[in-house]
Each structure stands twice: as C-alpha cells, then as structure tokens.
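Please consider the sequence and the three-dimensional structure together. The paragraphs that follow lead from one part of the chain to the next.

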Amino acid sequence: MIKILIVDDDHIIIDEIQENLPWKELGIEEVFCAYNVDHAIEIIKEEQIDIIISDIEMPQASGLDLLKWVRANDYESYFLMLTCHENFDFAQEAINYGACAYLTKPLDIHTLELNLQRIVTSIQNKKNTETDYSFAKVDFWKTLLLGEFFDYRYIKKEASLRSIELKKNQKYRLIYCRITSSENDVEKYGRDVFEYILEGMQSELLTKKIANENVVKIYVADTLNFITVSEEEDPYELAKLCNELIDNCKKYFESLVTCCISNICSISDMTEVNHKLRSLLESNIGLYGSVFFEKDVYISQIDERQIIDFEKFEQMIVNVDTEGILRYLKLTFKHLNDSSLLNVHSLYIIKEEVLQVIYAHLMKKGIQATKLFIDQRSIRLSDHATDSPVDMIKWCKNILEKTFDYEETVNKTPSLIEQINAFIHGHYSESITRTEVAEHFFLTPEYLAKLYKKKTGVSIKSYINQCRIDKAKVKLRNESTPISDIAESVGYDNFSYFSTLFKKATGLSPKDYRSQQ
C-alpha cells in the first residue's frame, strides 16, 4: 500500500491535486493532506508516508525545512517540491537533500502525474523482489552490448551468476532506437521522467512486458538511445511495432524517434551488431523519424569536400535572409541524402563551415562571435546540432537570430553609446578598462575604441576618467572622507595618478578643490 502526503498552505492547490489525479491507477491507496509543516510532521510520525508533495514557500516553516526534518529523522519518503519561483538555490538545496523533482507553479497536472508514475515504479521495484531479476537482466544485456564479455563461455557464466537462463541456439534481433530533438521534452518533463516513459513504452510495445527486462538505455555523445533485445524473428512484425512506438511518441512528445532493426544474430554477435547499428544510424540521417532495416542501408562514405557555397552563404547573411539560409540548408540536406552522403560527418562539416562564415562576418563588424553564443540555450543547441538535420536547423536559426539581433543593436550606434555610457557609470568604481567594456558588449576592444571615438569625439579611456573625476568632485564637495579613500572609491588605487588626472581636468589638486568649496 502506497501512501502520499500533500503539504501546501494553499487549499486550492491541495484540492486541485486531490481531485485531478487518478490515484488508484497510479497505485496510491491513501492520500493525506496538511496545510503547514507542523501538521505534516504529525502525519508522518503516525503514518508510513511513501511520497510527499510539498510546497517550498509556506509561512513559519518551509518545504525545505520539512525535507531536512524527514532526512534527519531517517524517513525514506520520496519528495516532490513545488514552488512559484524558478529559484536555482532552492532547487539545488532540495536536490542536495534528495528531492526527486522540482516543479513550478502554476502546476501542470500531467507533468506531476508522470513524476508520480516514475516514483511509484521505484517504490514497487524496491518492494517486489521479482524486479531484481529485471534489473539484473537489463544490466547483463547492457554489459554485453558494450563489449565487456569476451566469448560465449564467459557470456554463459555471467548469465548464470545473474540467474538468467539462455536458450540454446536462440536467435535475436536488436532494435536500435535513437531519440533526437528532445531538448523541449527534457525541459518540460525532466530528464528522468522523460527517459522513464520512453523506456516503458519500448518495453511494453516491443517486448510485450511491462517490467523492463530487455531495453537498454545508452547515451552516445549526449544523444539518448535505447537498444531492445528481441526474440521476435519476423522483421516486419517488429517494424509494425516500431511504427506504433513512433506514433505513440508523437502524441506526447516533440522528440524525433528513429528505429533501426538488425538482421538475425546470435548472442555472441550482439556487441558487433550494436556498433554497426549505431554507425548505420549516423550514416543514414535522412531516414530519421522512420523505421528501417540493417539489410537495406549501408555505412556511407566520408566526403571531405567543402559542402557550403561560402560566397552565397555570406551574401545571404549580409542580406539578413534567415529564411533563405534555412531553405538553402534544407536543399543541401536533400542533395546529400540523394547522394547517400547525409550523415553525422557531413553535418559536422556543415556546422564548421557555417561557423566559419558567421565568425568571419562578425569579425568584420568587430563583434566577438564566440562570446555571443555562450548562453545555455546556444550551447545546448550546439551540442546537439549534428544529431539530425532538424537539430542542425534549430541550431543555425538560433545563431542567425542572435547574430542579426546584435548587429541591429550595434548599428543603432546612439543607443549603443548610451548603453556603454550607462555601463561605465554603473562600474566606474571598479577597475574597468576598454577591454572589460568591450567584452560586456561582445565587441573587440579595437572596434569599441574606434566606434566610440568616431561617435563621441573622445576616447573611451578619457570618458571613463572624466566620469571618475566628476564623481570625485561630488564627493569632495559633499563628504569629509579622506581624499585617498575618495580616490579609491572612484576606481583609482594609485593616489598620485588620481591627483595628476584630477589637476589636469580641473586645474586644481583634490585638496585645493575641496578647500575652495
């Protein structure tokens, strides 16, 4: 019997959770509610609570306080934390104390249900000794697929140690399933929940087993893959099931699911077959989103020739033609696919060539391209750009948008000068130079200096000094602070240098200036 406790000072939230979740279908028998941490602790002491859903921000004691109390008193309850704010510090502390998930309000009931499904499965797995066999079998297949068993005798020995019975002369097919374009689904559901659902779908559809025994999860260069070990020998029956899997995934997710079905193989051949299927998927990117057979495809040749027409691409960038560039890339993918050259390697070449053209274009504008693309989203899209043509398009669209948006900012020079001046006024007390200012605006120091002098008539160094001297004059007029402290407060750690600049700007030493006020 699984028991759950909902803790929130908002009665509406508790009612919403109570009324909208299919508790019996989830395998949860009893639901308790508390409107503050003290009441929650009383319930936990009296009942064996398996799962706690708790708001973080509550009057008096918080959800984090409750989590810490539960852990300090050695209760093994699973925790789901709720909050109105996406606060990383809260999330980090909750994770440090063993929270399973961190969900933001307004609450998505479907996402909460998926998280609860995963937790309930974990609880049932701990209570059900049969799952020990399932875990052992999945671990066996994974170790085999990764090539850690040497020969058939060693395979039999390892199977025996795990109490796994291997049928003599049994033939298998591997189904290599690759998941691409998954960043939105991972962000929406959380990585653990997303992987749990996909693993469950494949086990149920491809092996007809709810408890997974034959589906192995493997990451290859941050790309999620599942390899299913099937005893079904009819490839067309497996293709039918794979298409059903793809259709089901389309109902719930944005991710692209691709399946490659192997030829019949023996257990001793699985390591080699696994590596070949991976290569086939990387060589046949044009088939992504479908089901295909090992026997119908081959590993494409690697072509080192230049793929993109640099002059044409550069002209489209100059024309700010995002749609034209994306059409050009899609047409390039089609030509490569028609020539059986669309693979991970060709996507890598395209990515490098696109970057080369964009970097050269931005360098002419004095923009530091590498620093323009270091936000988390750009890095994430870059990491997955060679996963598929769809991911390449997403990545390219993102860097084009950032490039053109920032070019527009730079071209609006008065606005940019105002932003630069505002930055200087906000940081004059720090040890800033034109280099720090340039980095903040993704410009090269040389380009910044040239642009600033052209539009204002003064050098940026002179403006920084003038700003500091003006601030020092105000302080000298209105404060009795020692002059050396004032010099330091406006960004000068060398008093002699400050005095020289001050006298040059005002005709008076700082001391004489103060005495005349």
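Thr223 is placed in strand 8 (residues 223-230); here helices (H or I, at least four residues) and strands (E, at least two) are DSSP runs, numbered from the N terminus. The model is a predicted one, in which local features need pLDDT of at least 70 and side-chain atom pairs count only at pLDDT 80 or more, while totals for chains, interfaces and linings use all residues. Residues are numbered from 1 along each chain as its sequence is written, and side-chain values use heavy atoms, with hydrogens and water left out.

Is Thr223 buried or exposed? Thr223 is buried, with a relative accessible area of 4%; buried means under 20% relative accessible area, exposed over 50%, and partly exposed in between (1.4 Å probe, protein chains only). Leaving aside neighbours within four places in sequence, Thr223 is in contact (heavy atoms within 4.5 Å) with Arg178, Ile179, Thr180, Ile218, His384 and Asp387. From Thr223 to Leu416 there are 193 residues in sequence and 40 Å in space, C-alpha to C-alpha.

Ser283 lies in helix 12 (residues 270-283). Apart from neighbours within four places in sequence, the residues in contact with Ser283 are Tyr298, Ile299, Ser300, Leu342 and Asn343.

Attention now turns to strand 1. Six of the six residues of strand 1 (residues 2-7) are buried, so this strand is largely enclosed by the rest of the structure. In a regular strand the side chains alternate between the two faces of the sheet. In strand 1, Ile2, Ile4 and Ile6 point one way, and Lys3, Leu5 and Val7 point the other way. Strand 1 runs parallel to strand 2 (residues 28-34), and six bridges join them; two strands pair if DSSP finds at least two bridges between them. Leu5 stands opposite Phe32 in strand 2. Strand 1 also pairs with strand 3 (residues 51-55) in the parallel sense, over four bridges, and Ile4 stands opposite Ile51 in strand 3.

The last topic is a pair of helices. The axes of helix 14 (residues 322-338) and helix 18 (residues 389-411) come within 10 Å and cross at roughly 155°. Axes are lines fitted to C-alpha atoms, for helices over the stretch in contact, and angles run from 0 to 180 degrees between N-to-C directions. Helix 14 and helix 18 are therefore roughly antiparallel to each other, as angles under 35 degrees count as roughly parallel, over 145 as roughly antiparallel, 65 to 115 as roughly perpendicular and the rest as oblique.
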